[in-house]
Amino acid sequence: MPYERGDLTTTATAASVSEEFRAVGRDATILEWGIALNAATASIFGLGLSGNTPAGGTVAVGANTARGGGAPGGGTILSGQSTPPTIPSTFWRRYGLPGAIGNGVFWAWNLDDIIIPNAAGASPIIWNLQLNSVFNSYIKWEE
Amino acid sequence: MSVVELTFRCERLTSHRDGQSREWTAFGQERVMDPLSQEFSPVVVATDAMCPECSNTGVADYQAATVYVIPADESNRESISQIREAIEGAEA
């Protein structure tokens, strides 16, 4: 089943997680992840698996774009984890964007390139490497 | 599957007229097993978890388990109906 979700992140502080994706109830595979600046702040950030197993928080579940039924799918967590994600030991991708609203980037992967186990380990995250803009973001995934 | 009262908070200060955070309460039904803690986690309908001023999904002040906010759309119709019934039953 395909899912998508768009968010406006809340945390812009340096050395903190901007957005976490967590699988819920079943494994997920991420297909696309995109962000765009919502403030005119030059931003440097990285994408990778958290160094720990995050827990708690409020998971904003994605919309099932095929309009199928079923249990809640995976979703995003912007802040408020009881165990927040820590910095990835290795970033998959890093990026810097000049400070103008709307500057953005998106990443795409093939099906099953990235499999997120059902909340049993690290989560893919966007990590603020400096004081950044907040981001308009979207994620597309399959479960 | 009991009903729990949750306090949500929105910290998107720049989106609020007075620059202050917002708090509101909403009910969730414990209906999803958290794979890590093995505790039942509350599920809340998105419209209940939405900040009344900026429409941001708030953060629940709930440490016992993860809170899940499901979209209020057709694909979740059955779940939403059951959650609403449980809340009405708990309030009665």
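Which residue of β5(B) is the bridge partner of A:Ala60? The bridge partner is B:Val69, and the report below sets this pair in its surroundings.

## Model and numbering

This is a predicted model, in which local features need pLDDT of at least 70, side-chain atom pairs count only at pLDDT 80 or more, and totals for chains, interfaces and linings use all residues. Residues are numbered from 1 along each chain as its sequence is written, while chains are lettered from A and ligands numbered from 1 in the order in which they are written.

## Chain A

Chain A has 0 helices and 12 strands. Helices (H or I, at least four residues) and strands (E, at least two) are DSSP runs, numbered from the N terminus. The radius of gyration of chain A is 14 Å, close to the 15 Å that the globule rule gives for 143 residues, so chain A is as compact as a globular protein of that length. This radius is taken over C-alpha atoms, and the rule is 2.2 Å times the number of residues to the power 0.38. Along its principal axes, the C-alpha trace of chain A spans about 40 × 30 × 25 Å.

Of the 143 residues of chain A, 42% count as buried. A residue is buried if 20 or more other C-beta atoms lie within 10 Å of its own, exposed if 12 or fewer, and partly exposed in between, with C-beta atoms placed from the backbone. Among contacts in chain A between residues at least 6 apart in sequence, 90% join residues at least 24 apart. Two residues are in contact if their C-beta atoms, placed from the backbone, lie within 7 Å.

An open sheet is formed by 11 strands in the order β8(A)-β4(A)-β11(A)-β2(A)-β7(A)-β5(A)-β5(B)-β3(B)-β2(B)-β1(B)-β4(B), with mixed pairing. Its edge strands, each pairing on one side only, are β8 (91–97) of chain A and β4 of chain B. Two strands pair if DSSP finds at least two bridges between them.

Where the chains join, β5 (residues 58–61) of chain A and β5(B) pair in the parallel sense over 3 bridges. On the chain B side, β3 (residues 40–45) and β5(B) also pair in the parallel sense over 3 bridges, and B:Val44 has B:Val69 as its bridge partner. Further along, β1(B) pairs with β2(B) in the antiparallel sense over 8 bridges, with B:Thr7 opposite B:Thr25. β1(B) and β4(B) pair in the antiparallel sense over 2 bridges; there B:Arg9 has B:Val59 as its bridge partner.

## Contact and core

The contact between the chains takes 21 residues from chain B and 24 residues from chain A. On the chain B side, the largest share, 4 residues, comes from β5(B). The residues of that side divide into 11 nonpolar, 5 polar and 5 charged. Here Ala, Val, Leu, Ile, Met, Phe, Trp, Tyr, Cys and Pro count as nonpolar, Asp, Glu, Lys and Arg as charged, and the others, Gly among them, as polar.

The largest nonpolar core has 46 residues, and those with the most contacts inside it include A:Val59, B:Val44, B:Tyr68 and B:Val69. Such a core is a set of buried Ala, Val, Leu, Ile, Met, Phe, Trp, Tyr and Cys residues joined through C-beta atoms within 7 Å. Leaving aside neighbours within four places in sequence, B:Tyr68 is in contact with residues of both chains, among them A:Val59, A:Pro72, B:Val32 and B:Val43.
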